[in-house]
Amino acid sequence: MDRLGTAAQQARPDVGIIYADSGRLRGRSLVALDCKPQLNPALLLAQDYIGFPLLIRGSDFTRLGGLRAEHRSAAWYDLCLRAWRAGIGFDRIAVTAIAIPRRLPLSTAADRERVLQRFLQEGSTPFELRPGLVPGAFELRRVFASHPEITLVIPTRQSSPPGGRPYILDLLRSVEASSWPLDRIRVLVGDDEPDDRIYREAGTRLDLRRIVTTRAAGEPFNYARKMNALWRAADTELLVLMNDDMTVQSPDWLEALFTFALKEDVGGVGARLLFPDHRIQHAGMVGGLYGGCGHPWFGQPADRPTYGNWASVHRDWCAVTGAVFATRKSALERVNGFDERFSLEFNDIDLCLRLKTLGYRIVYTPHAELIHYERSSRGDLSRPGEEVALFLKRWRDFIADDPMYNTQLTTRSFEVQPKPESLGVALM
């Protein structure tokens, strides 16, 4: 690590902290790896993922005032948080720099909780710390003195399951159970059907405005174009772009989304989406998965453990699905919304990646959970080849080394795990 770290520090004078992957040994072979993403603020607040090995420039160590001994096992974790807040650069080396027969020690949950409480108290935004969904993890939750107005932007064609009522009606009913004050929620529906009878007959306590988006005869469906027209028609700064074929499962889903979506450095926030049988549909997206950008743990039971507990903690990803996307109108205006050349696929991923190129973060939170009846809002349409080609031409180099993932992890399986060639290596 000394040699690797010194070389990295010389190549990156803007970086003050460098960390690398670690492994566990059985005999002379690696049997497990802790593969880490590049600096991941949302993950760092949820768990001590950086750990060791870690190098810091002496000048930055002095600038930060060194370690705080009172934080005991979490002293280095505390230093990383303070370095992040101070704007000190981080860099991750995606190699196994150290391996021992047992897992490297991390901070205890109790010590880390004290560090996080102090860190949050020293900030300017009121947050509270909650136990996470898995042992040892934490959830950051914004404290709202008053809830701002938001708009749910929902395209629909009044599709429904066989013999059932339109999906959008079940979505609206589930939104009514939200803990966010209903008088602070507006709903903007873009409806391909001119008949509004289903809304009048069902009734809703939500402030609902409907725009008819009927297409001309023979005009193909273009999701990106429809969503651009809708979000631009919204009256609020805070938006949640969402498909109509889902139901809310966690009443405080909006609080979870806007814990991060209100932050100026965040461009968008995605939710945890499950299929009706409670298998994972979305828990973030990985660049390079099967040569594109895909959903890790797709189809896996939601209660099954995942690598690093990443499906069960809030963390930054390179992209999240647009099926539920909390954002700000001003951020969408900066990138001119969706690229309408991606009429069916990749429009959400492309949007996330363009936001990232401007320095915005893309965050996933499992604390906003919804059931998603995937693709029922537009039907089972094929993926146009020209859109695949355009996406790969634009983003192939980026997704080849997704900074929120790790090149030691596989991209040939929905199950996140180290590549076989990264394990079983005899050490000299």
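Colleague: Which residue takes a positive phi in the hairpin of β1 and β2?

Modeller: Gly27 does, with a phi near 70°. The hairpin has two residues between its strands. This is a predicted model: local features need pLDDT of at least 70, side-chain atom pairs need 80 or more, and totals for chains, interfaces and linings use all residues. Residues are numbered from 1 along each chain as its sequence is written, and side-chain values use heavy atoms, without hydrogens or water.

Colleague: How do you know that strands β1 and β2 are joined?

Modeller: Count the bridges. Pairing takes at least two bridges found by DSSP between two strands. Strand β1 (residues 15-26) and strand β2 (residues 29-34) have five. So they pair. They run antiparallel. In one of the bridges, Gly23 is partnered by Leu33 of β2.

Colleague: What makes a stretch a strand or a helix?

Modeller: Both are DSSP runs, numbered from the N terminus: a helix is H or I over at least four residues, a strand is E over at least two. Strand β17, for example, covers residues 324-328 and holds Ala326.

Colleague: Why is Ala326 called buried?

Modeller: Its relative accessibility is 0%. Buried means under 20% relative accessible area, exposed means over 50%, and partly exposed lies in between (1.4 Å probe, protein chains only). So Ala326 counts as buried.

Colleague: Which residues does Ala326 touch?

Modeller: Leave out residues up to four places away in sequence; among the rest it touches Leu239, Val240, Phe258 and Gly268. Contact means heavy atoms within 4.5 Å. The C-alpha atoms of Ala326 and Thr151 are 9.7 Å apart, although the two residues are 175 places apart along the chain.

Colleague: What makes Arg68 and Asp78 a salt bridge?

Modeller: Their closest N and O atoms are 3.5 Å apart. A salt bridge needs a side-chain nitrogen of Lys or Arg within 4 Å of a carboxyl oxygen of Asp or Glu. So the pair qualifies. Arg68 sits in the loop between α3 (58-63) and α4 (75-85), and Asp78, ten residues away, in helix α4. Asp78 is buried, at 4%. The whole structure has 33 salt bridges.

Colleague: How do you know that Lys226 and Asp192 meet in a salt bridge?

Modeller: The distance from N to O is 2.7 Å. Lys226 is in helix α8 (residues 223-233) and Asp192 in the loop between β8 (185-191) and α7 (197-202), so the pair ties together parts 34 residues apart in sequence. Both residues are buried; Lys226 has 10% relative accessibility. Lys226 also touches other residues, including Pro155, Thr213 and Phe221.

Colleague: Which residues form a nonpolar patch on the surface?

Modeller: Tyr290, Phe298 and Phe414, with about 260 Å² of accessible area together. Areas come from the Shrake-Rupley method with a 1.4 Å probe; for residues, only the protein chains shown count as cover. Patch members have over 30% relative accessible area and no salt bridge; like charges are joined within 9 Å, nonpolar side chains (Val, Leu, Ile, Met, Phe, Trp, Tyr) within 5 Å. Tyr290 has 40%, so it clears the area limit. It lies in the loop between β14 (286-287) and β15 (293-294).
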